[in-house]
Amino acid sequence: MCGVGTENCPPGFKTSDQISPPGGYVGGGLQMQTDIAVDPAGNVWAINNWQDIDSCFPGADEAASTRCGGQGVVIFYGTAKPVRAPQIGPARQP
């Protein structure tokens with residue numbers, strides 16, 4: 001994704017635009033996202049919670065049952081604009 005520092009993005013891209021090769025990225029870094037959060041610094045935290053979805057349901061092979069758990073967190077640094085986090089009320093510009 002194109003971050004806040006748009007000078008590092010390809011020409012014509014703005015903050016939060018998706019950047020990828022024509023066929024997309026190939027690999028297992030991002031799997032099934034069950035929660036995504038943006039912190040006050042503008043970093044996006046994506047939680048990988050399911051590694052093998054079929055092993056999570058009743059009737060799955062017991063030998064594969066440990067594959068249901070997640071395997072990590074992926075962080076996209078500087079994707080969103082930083083904000084000043086209030087203790088009460090909406091976020092404000094720094």
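These legends accompany several close-up views of a predicted model. Local features need pLDDT of at least 70 and side-chain atom pairs count only at pLDDT 80 or more, while totals for chains, interfaces and linings use all residues. Residues are numbered from 1 along each chain as its sequence is written, and side-chain values use heavy atoms, with hydrogens and water left out.

View 1. The accessible surface comes to about 6900 Å², and carbon and sulfur atoms hold 57% of that (Shrake-Rupley method, 1.4 Å probe; for residues, only the protein chains shown count as cover). Of the 94 residues, 15% are buried (under 20% relative accessible area, with exposed over 50% and partly exposed in between; 1.4 Å probe, protein chains only).

**View 2. Asparagine 43 sits in the loop between strand S1 (32-38) and strand S2 (44-50).** Leaving aside residues up to four places away in sequence, asparagine 43 touches Ala37, Val38, Ile75, Phe76, Tyr77 and Gly78 (contact: heavy atoms within 4.5 Å).

**View 3. Lysine 14 and aspartate 17 join their side chains in a salt bridge.** The N to O distance is 3.3 Å, and the count for the model is one salt bridge (a side-chain nitrogen of Lys or Arg within 4 Å of a carboxyl oxygen of Asp or Glu). Lysine 14 is exposed, with a relative accessible area of 55%.

Technical notes: Helices (H or I, at least four residues) and strands (E, at least two) are DSSP runs, numbered from the N terminus.
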